[in-house]
Amino acid sequence: SASINHNNYTTSFALQAIMMSHLDKRTGRTFGPPGNRKCIYFIDDLNMPELDTYDTQSAIMLLSQIMSYHSIFDRARLEERRELTDVMFTACMNPKSGSFMINTRLQRQF
């Protein structure tokens, strides 16, 4: 399991780097936790990333994409998609700060 702490400066690039640091390449373009384990990501302060000019939060949109499609694109080579296996998510929100609503596309995944 791994803990990911969001704050006002969390970007999709930072979230992807943190997530991929806990995963190993298995076969081909499939990535997962080492060995035959499962990885549970605990996302603390889910609602904290700052809103951009389009009123979205890039880290939350990336998380929504990962949960919907179970894959992520390689930032260096955008034509390469990485399939994620044996990965689960749990999250909590800060009730006193941040945006008090999260995107419905992400909310439906929980």
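A disulfide is a pair of cysteine sulfur atoms within 2.5 Å. Keep that cut-off in mind for the first stop. The model on screen is predicted.

**Stop 1: the cysteines**

Select Cys-92 and show its sulfur. Where is the closest cysteine sulfur? It belongs to Cys-39 and lies 16 Å away, which is too far for a bond. Start from Cys-39 instead, and the closest cysteine sulfur is the one in Cys-92, again at 16 Å. Searching the whole structure turns up zero disulfides.

Is Cys-39 buried or exposed? Cys-39 counts as buried, because its relative accessibility is 5%. Cys-92 is partly exposed, with a relative accessible area of 27%.

**Stop 2: an aromatic pair**

Select Tyr-41 and Phe-89. Their rings form a stacked aromatic pair.

Colour the strands next. Tyr-41 sits in β4 (residues 39-44), while Phe-89 sits in β7 (residues 87-91). The pair therefore ties together parts that are 48 residues apart in sequence. Both Tyr-41 and Phe-89 are buried.

**Stop 3: helix α1**

Select residues 12-20, which make up helix α1. Which residues here are buried? They are Ser-12, Leu-15, Gln-16, Met-19 and Met-20. Look down the axis: these residues cover an arc of only 120°, so they lie on the same side of α1. Here is the general rule. An α-helix has 3.6 residues a turn, so residues three or four places apart point the same way.

**Stop 4: an open sheet**

Show the strands β2, β3, β6 and β5. In that order, the four strands form an open sheet with mixed pairing. Which strands are at the edges? They are β2 (24-25) and β5, and each pairs on one side only.

Zoom in on β5 and β6. These two run antiparallel and are joined by three bridges. Select Ile-72 and look across to β6: Arg-82 stands opposite.

**Stop 5: Asp-74**

Follow the chain into the loop between β5 (71-73) and β6 (81-84), where you will find Asp-74. Asp-74 counts as buried because its relative accessibility is 8%. A polar atom of the Asp-74 side chain lies 3.2 Å from the backbone nitrogen of Ala-76.

Which residues does Asp-74 contact, leaving aside neighbours within four places in sequence? Select Gln-16, Glu-80 and Arg-82 to see them. Two of these names have come up before. Gln-16 is one of the buried residues of α1, and Arg-82 is the residue opposite Ile-72.

Notes. Residues are numbered from 1 along each chain as its sequence is written. This is a predicted model: local features need pLDDT of at least 70, side-chain atom pairs count only at pLDDT 80 or more; totals for chains, interfaces and linings use all residues. Side-chain values use heavy atoms; hydrogens and water are left out. Rings of Phe, Tyr and Trp (its six-membered ring) pair if their centres lie within 6.5 Å; planes under 30 degrees apart count as stacked, over 60 as edge-to-face and the rest as tilted. Buried means under 20% relative accessible area, exposed over 50%, partly exposed in between (1.4 Å probe, protein chains only). A polar contact is a pair of N or O atoms within 3.5 Å; within protein, one must be able to donate a hydrogen and the other to accept it, and residues adjacent in sequence count only if both atoms are side-chain atoms. Contact means heavy atoms within 4.5 Å. The arc is that of the directions from the helix axis to the C-beta atoms. Two strands pair if DSSP finds at least two bridges between them.
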